[in-house]
Amino acid sequence: MSDPALRADVAQWVREAAGSTDTRFQKHPFGFLKATLGECMHEGTTAVFRLHVWHPTIRYEQSPQPLCHSHAWHLASYVLRGPLTNTDFRHVPAAQPPLYKLFHVFVDTGTVTVARPTEELVGAEIIGGDRLTDHCVYHVERGVLHTTSADHGTFAVTLAILHDRAAVPVMNLRRADECEAAPFDQSFLVPEENRRVKDDILGLLMPANA
């Protein structure tokens, strides 16, 4: 993504995809909005292109929030507009507070996901992190615990590529005293909110700023 012409092409494609009537945004428990833009074959597996949007006012964060989560696929994200902070974690043997439990995340019904606690009590350790600005690319390997966040009131957009999905558990780390199952409805935005998000993205990603 070091080539300005390539960056401009990507931004233009995202603008066109974001403006499409087929693009529908869903809620995510970490507060951002996600929309699938398309997919292609990559080295024999399906790669999915998604738009991830941290909107300044339209956010639906799960409460209480997990500390971090993992994926069943590799993630590569191109930051169209930042700033964002990505932090990588690992769980370590339980030692001293704050203590956490590992939760397995499942699709329950429809758009509802649920995180169910295991009996494993652990500590959490930060193993890496970056402050990400426009045109940065960051990667999160399958199974790595991480969180990507934008400050409240800020607007950030990434093009995420999800690839090499595998049958591995999807995990959360949550405070040990949050021992109940945690459901979250990743439903689609209502049409009025969906239109507003798309209009705001198009306003953010003007050609002069691509």
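**Cysteines**

I started with Cys40 and asked how exposed it is in this predicted model. Its relative accessibility is 34%, so Cys40 counts as partly exposed, since that label covers values between 20% and 50%. Then I turned to Cys68, which is buried, with a relative accessible area of 0%.

How many disulfides does the structure hold? I found zero. As a reminder to myself, a disulfide is a covalent bond between the sulfur atoms of two cysteines.

**Leu75**

Next I looked up Leu75, which belongs to strand E5, residues 74–81. I read a relative accessibility of 4% for Leu75, which is under the 20% cut-off, so Leu75 is buried.

**Trp54**

I went on to Trp54 and found it in strand E3, which covers residues 45–54. Is Trp54 buried or exposed? Its relative accessibility is 2%, so Trp54 counts as buried.

I set aside the neighbours of Trp54 within four places in sequence and listed what it contacts:

- Phe32, Arg59 and Leu84 are among the contacts of Trp54.
- Thr148, Ser149 and Ala150 are in contact with Trp54 as well.
- Thr154, Phe155, Ala156 and Thr158 complete the list for Trp54.

I also took one distance: the C-alpha atoms of Trp54 and Ser77 are separated by 14 Å, and these residues are 23 apart along the chain.

**Thr87**

My next stop was Thr87, in strand E6 (residues 84–93). At 16% relative accessibility, Thr87 is still under the 20% cut-off, so I wrote it down as buried. Beyond its neighbours within four places in sequence, Thr87 contacts Ile126, Gly128, Gly129, Leu145, His146 and Thr147.

**Helix H2**

I then moved from strands to a helix. H2 runs over residues 191–204, which makes 14 residues. From first C-alpha to last, H2 reaches 20 Å, close to the 20 Å expected at 1.5 Å a residue.

Which residues of H2 are buried? I found Asn194, Val197, Lys198, Ile201 and Leu204. They cover an arc of only 125 degrees around the axis, which means that they sit on the same side of H2.

**The whole chain**

Last, I stepped back. I counted two helices and 13 strands in the chain. Of the 210 residues, 46% are buried. The C-alpha trace spans about 50 × 35 × 35 Å along its principal axes.

Why do I call the chain compact? A compact globule of 210 residues would have a radius of gyration near 17 Å, and the chain has 17 Å, so the two agree.

I also looked at contacts with a separation of 6 or more: residues 24 or more positions apart account for 80% of them. For the surface, I noted that the chain exposes about 10600 Å², with carbon and sulfur atoms supplying 53% of it.

Methods
Residues numbered from 1 in each chain as written. Predicted model: local features only at pLDDT ≥ 70, side-chain atom pairs only at ≥ 80, totals over all residues. Heavy atoms only, no water. Helix = DSSP H or I, 4+ residues; strand = E, 2+ residues; numbered from the N terminus. Expected span 1.5 Å × (residues − 1). Buried < 20%, exposed > 50% of the residue type's maximum accessible area, 1.4 Å probe, protein only. Arc of directions from axis to C-beta. Rg over C-alpha atoms; globule rule 2.2 N^0.38 Å. Contact = heavy atoms within 4.5 Å. Areas by Shrake-Rupley, 256 points an atom, 1.4 Å probe, with all protein chains shown as cover. Disulfide = S-S within 2.5 Å.
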